[in-house]
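User: Hi! I have a model open and would like to walk through a few spots in it. Could you help me read it?

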Amino acid sequence: MSTSNASEPVAESLATRIRTVQDATRGISAKYPRAYILDCIKDDRFPEDMWRAMGEYGLLGLSVPEEHGGSGGGVVEIVALGEALALGGVPTLFLVVTGLSRVPILRHGTPEQIAKFVTPTCDGSVKLCFAITEPNAGTNSFNMNTFAARDGDEWVLNGQKVFISGARDANFMLVIARTQKVSEVKHRTEGISLFVIDMKSPGIQLQLLNIQVETAERQYLVFFDNVRLPAAALIGEAGHGAKLMFEGLNSERLLAASAALGLADYVLKKAVAYSLDRKPFGKAIGGYQALQHRMALAKAELEAARLMTYSAAERFDAGEDAGAHANMAKLLASRAAVAAMDAAIQTHGGYAFDRDYDIITLWPMIRLMEIAPINNEMLLNYIGEHVLGLPKSY
């Protein structure tokens with residue numbers, strides 16, 4: 001997947017990068033439309049055919065350098081992919097967890113680790129998921145209890161993670177664990193390490209969660225009971241994984257934002273189409289300002305969120321600190337998506353709750369965007385503290 005010439009103006013270069021990916025993605029969503037994903041959800045199966053086709057198109061390799069078997073490009077390209085898939089009605093959480101998990105491995109892994117854990121994800125033959133959240137720690141990830149103890153040349157992992165999307169279908173999992181207890185370090189960011197574990201390893205147990213969000217990927221509670229990990233499972237240096245973790249989480253914010261943007265546009269277009277067709281009083285309800293203004297405001301907020309998202313992605317690709325912009329992008333995109341969904345529901349009226357109209361089916365996932373992968377309240381805390389310089393409130 002090529003990008004534009006460096007000699008092009010920045011705005012044109014960005015537009016070209018986005019358009020190239022979106023044009024390629026239309027072939028996927030045309031072959032595997034919304035109905036395909038709904039069938040996968042109904043049958044509780046991973047959309048394997050679509051995933052492999054994305055690999056054949058070179059889309060799964062976006063953001064992975066060509067020397068590592070990828071298609072090149074950066075976060076801009078994979079964000080454009082996430083948005084385009086959602087816009088086609090086929091969002092996939094696995095793209096989010098794969099995209100974020102590959103970042104620390106590519107930046108800090110050995111050539112052997114990259115070849116084993118990243119390169120095969122580019123053609124879809126290997127799936128990589130991500131595990132950080134714990135039942136008791138929640139948003140306070142530094143308070144995690146999952147612990148990896150050194151045992152000779154190996155590590156022994158114990159603990160549990162929750163809300164792990166796609167754990168059943170993944171071959172490998174990037175796990176964030178403590179290798180030093182909070183009581184043993186001066187600062188809570190110390191003593192954290194990243195491991196890639198083989199999901200076939202003895203001692204791993206999955207418990208399906210009854211999450212009512214209609215995605216092809218299911219969510220799990222994952223237990224680790226004396227899981228033995230080889231030395232090669234450790235990414236980077238033991239105890240210094242916090243920085244690596246946030247590198248991945250910043251890209252996760254942007255991938256979540258991209259899904260929110262695409263879904264927002266998807267439901268808004270459905271609302272517009274319905275409002276032009278629905279004429280209970282003899283004229284299209286889309287002409288009524290009570291509905292028209294709601295949809296127009298949602299569109300304006302959506303476009304503002306899109307600008308922030310791609311600005312943050314450009315910063316990330318340029319090697320700049322993209323933390324603040326990534327958090328703002330996820331915040332704005334999730335709010336815009338909820339506004340677009342609210343407009344779509346109000347426009348459809350009672351039919352919005354008829355599953356055949358495929359509006360209410362998307363409501364849980366869009367509303368979830370304000371909570372996951374991190375809740376918007378914590379994003380506002382970050383902006384208040386790290387951008388505005390205000391006191392910490394918690």
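User: Great, let's start with Thr215. Where is Thr215 placed?

Analyst: Thr215 sits in the loop between strand S6 (204–208) and S7. Helices (H or I, at least four residues) and strands (E, at least two) are DSSP runs, numbered from the N terminus. Before we go on, this is a predicted model, in which local features need pLDDT of at least 70, side-chain atom pairs count only at pLDDT 80 or more, and totals for chains, interfaces and linings use all residues. Residues are numbered from 1 along each chain as its sequence is written, and side-chain values use heavy atoms, with hydrogens and water left out.

User: Thanks. Is Thr215 buried or exposed?

Analyst: Thr215 is buried, because its relative accessible area is 6%. Buried means under 20% relative accessible area, exposed over 50%, and partly exposed in between (1.4 Å probe, protein chains only).

User: And what is Thr215 in contact with?

Analyst: Leaving aside neighbours within four places in sequence, Thr215 is in contact with Ile41, Leu93 and Met365. Contact means heavy atoms within 4.5 Å. A polar atom of the Thr215 side chain also lies 2.7 Å from the backbone oxygen of Glu217.

User: Now Gln219. Which strand does Gln219 lie in?

Analyst: Gln219 lies in strand S7 (residues 219–229). Gln219 counts as buried because its relative accessibility is 9%.

User: Which side chain does Gln219 join in a polar contact?

Analyst: That of Ser165, in a polar contact of 3.2 Å. A polar contact is a pair of N or O atoms within 3.5 Å; within protein, one must be able to donate a hydrogen and the other to accept it, and residues adjacent in sequence count only if both atoms are side-chain atoms. Not counting residues up to four places away in sequence, Gln219 touches several residues, among them Leu93, Phe163 and Leu209.

User: Staying with S7, what about phi of Asn226?

Analyst: Asn226, found in strand S7, has a phi near 55°, a positive value in a residue other than glycine. Asn226 counts as partly exposed, because its relative accessibility is 47%. Ser63 has a positive phi too, near 80°, and is found in the loop between helix H3 (48–56) and helix H4 (75–87).

User: Why do you point those out?

Analyst: Because most residues other than glycine have a negative phi, and most peptide bonds are trans. On the peptide side, the bond from Ala372 to Pro373 is cis, with omega near 0°. Pro373 is placed in the loop between helix H10 (363–368) and helix H11 (376–387).

User: Switching to cysteines, how many disulfides does the structure hold?

Analyst: Zero disulfides, a disulfide being a pair of cysteine sulfur atoms within 2.5 Å. For Cys40, the nearest cysteine sulfur, that of Cys129, is 18 Å away. The sulfur of Cys129 is 17 Å from the closest cysteine sulfur, in Cys122, so that is too far for a bond.

User: Are Cys40 and Cys129 buried or exposed?

Analyst: Cys40 is buried, with a relative accessible area of 1%, and Cys129 is buried, with 0%.
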